[in-house]
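Hi,

Here is the structure I promised to pass on.

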Amino acid sequence: MEELGREMLRKCAGLPLAIVILGGILVTKPSLVEWEKVYYDSLSSLKRGKGLGENQQNELFNILVRSYNELPPQLEPCFLYLGKFSEDESIDAETLYQLWITEGMVLSSDKKKGETMMQVAESYMGELVHK
């Protein structure tokens, strides 16, 4: 797995976003077979080019799509909601949780006994950060 991981890392061409996304995907894959699937499905095309030309932008987009598709269904709208904010804009977490709840993105079915909707929203954020 280490050798395959190093190969995938090399193919990310030093692009931090690609590396972070790759790590987020691989952390959920415990077997070599799953790592190989990620490699062949998503990263083999990163062999070409070192710059951020149109080809690599498309390749990074494909990695982002795969990362999104691997999110649990309840986290997908929460992740997409972050697109409402400007790049580098500071987002107050409590306000964000309230917005998610108001928009119906936080599922009451995910609530454990004695847990508030705010706590569920906070757990969603924790899962997103982990991914």
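For the classes below, Ala, Val, Leu, Ile, Met, Phe, Trp, Tyr, Cys and Pro count as nonpolar, Asp, Glu, Lys and Arg as charged, and the others, Gly among them, as polar. Bear in mind it's a predicted model, where local features need pLDDT of at least 70 and side-chain atom pairs pLDDT 80 or more, while totals for chains, interfaces and linings use all residues. Numbering starts from 1 along each chain as its sequence is written, and side-chain values use heavy atoms, without hydrogens and water.

Cavities (on a 1 Å grid over the protein atoms alone, points where a 1.4 Å probe fits but cannot get out): there are 2 of 30 Å³ or more.

The largest pocket (an open set with protein on both sides within 12 Å along at least five of seven lines) has about 350 Å³. Ile 21, Ser 67, Phe 79, Leu 128 and Lys 131 are the closest to its centre among 13 lining residues. That lining splits into 11 nonpolar, 1 polar and 1 charged.

Last, the axes (lines fitted to C-alpha atoms over the stretch in contact) of helix H6 (residues 93–102) and helix H7 (residues 117–130) come within 9 Å and cross at roughly 110°, so the two are roughly perpendicular (65 to 115 degrees).

Cheers

Key: Axes fitted to C-alpha atoms, helices over the stretch in contact; angles between N-to-C directions. Helix = DSSP H or I, 4+ residues; strand = E, 2+ residues; numbered from the N terminus. Parallel < 35°, antiparallel > 145°, perpendicular 65-115°, else oblique. 1 Å grid on protein atoms, 1.4 Å probe; cavity = no way out; pocket = protein on both sides within 12 Å on 5 of 7 lines; lining within 4 Å. Points joined across faces, edges and corners; volume = space filled by probe spheres on them.
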